[in-house]
Amino acid sequence: HLFLTAEATGNILPSLERIGMGLAIVIVVAIPLGIALGRSATVTAFLDPILQFARAIPVITAAPVFLALFKLGTQMEVATIVAGTVWPLLLNTIDGAHSVDVLHLQTATAFRLSAWDRLTRVIIPSALPKIFAGLRLSVSLSLILMVFSELIGATNGIGYEMSNAMNAFNLPGLWATIVLIGILGYLMNTILDGAERAVLSWHRGAKRFAR
C-alpha cells in the first residue's frame with residue numbers, strides 16, 4: 001500500500017514533481033547569482049545583512065503571502081519550497097566563489113585565460129564543494145517544505161495523505177507516510193552523494209594526495 005497501489009503513486013509522484021520543480025528553480029537562480037555575488041566583495045558586503053535577514057525569516061510565516069499571490073495549488077507549494085531551499089545553496093555558492101584561491105586566479109591571468117575560461121575552469125570548480133554542501137541542505141529542506149506546503153489545501157501528495165491520516169486518527173497510515181518520507185530522503189541523499197562523487201572525483205583525489 002505504501003508504494004505499489006494507484007493511491008500511493010498518485011500521491012508520491014505529485015510530491016516528487018513539486019520537489020523537482022522547486023529545486024530546479026533554486027539551482028537555476030541561486031548558483032549563477034551566488035557566483036556573481038561571490039566574485040564582488042563590495043556587493044557581497046553590502047547585501048550580506050539583507051541576505052542574512054531574509055534567510056532568518058521562517059518560511060512558515062510567509063505562507064499567507066504565498067496564498068495571496070498564488071492561491072491554493074501547485075504554484076503555492078513550489079513557491080514555498082523555493083523560498084526555503086534557496087538560502088543554503090545561495091549562501092554556500094557565494095562563500096565558495098568568494099574563497100577561490102588567489103594563486104589560482106593569478107595563474108589563470110598569467111596564462112591569459114579569458115574571463116569565460118577563468119569562470120568555467122577556475123572559479124566554478126573551486127566553488128563546487130561548497131555548492132554541493134549547500135545543495136545537500138536544500139534537498140533535505142525540500143522534503144520538509146513539501147510536506148508543509150501540502151498540508152495546506154492540497155488535493156494530493158504525501159503531505160495531503162498525512163493530513164488525512166491525522167484527521168482520521170489513522171496511525172498506521174500516519175506512520176507509513178513518515179517512513180515513506182524517510183525513505184525518499186535517503187534515496188535523494190544517495191543520488192546526490194553519487195553525483196557529488198562523480199563531479200568532485202578530482203577534488204577528493206586532491207585531498208587524498210594532500211594527506
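Predicted model: local features only at pLDDT ≥ 70, side-chain atom pairs only at ≥ 80, totals over all residues.

Residues are numbered from 1 along each chain as its sequence is written, and side-chain values use heavy atoms, with hydrogens and water left out.

Let me start with the whole chain. Its secondary structure amounts to nine helices and zero strands; helices here are DSSP runs of H or I with at least four residues, strands are E runs of at least two, and both are numbered from the N terminus. Along the principal axes, the C-alpha atoms fill a box of roughly 70 × 40 × 25 Å. Of the 211 residues, 38% are buried, where buried means under 20% relative accessible area, exposed over 50%, and partly exposed in between, with a 1.4 Å probe and protein chains only. Taking contacts between residues at least 6 apart in sequence, 73% join residues at least 24 apart; a contact means heavy atoms within 4.5 Å.

I turn now to the helix pair. Two packed helices are described by the angle between their axes and the distance between the axes. Helix H2, residues 41–56, packs against helix H4, residues 74–98, at an angle of about 160 degrees, and their axes are 12 Å apart. The axes are lines fitted to C-alpha atoms over the stretch in contact, and angles run from 0 to 180 degrees between N-to-C directions. That angle makes H2 roughly antiparallel to H4, since angles over 145 degrees count as roughly antiparallel.

Which residues of H2 and H4 meet? From H2 come Ala41, Thr44, Leu51, Gln52, Ala54 and Arg55, and from H4 come Trp87, Leu90, Leu91, Ile94 and His98. By class, this contact has seven nonpolar, three polar and one charged residues. Ala, Val, Leu, Ile, Met, Phe, Trp, Tyr, Cys and Pro count as nonpolar, Asp, Glu, Lys and Arg as charged, and the others, Gly among them, as polar.

Finally, consider helix H8, residues 171–199, which contains Ala195. Leu192 also has its place in H8. Is Leu192 buried or exposed? Leu192 is buried, because its relative accessible area is 10%. Leu192 touches Phe132, Leu135, Arg136 and Val139, leaving aside residues up to four places away in sequence. Ala195, by contrast, counts as partly exposed, at 33% relative accessibility.

Methods
Parallel < 35°, antiparallel > 145°, perpendicular 65-115°, else oblique.
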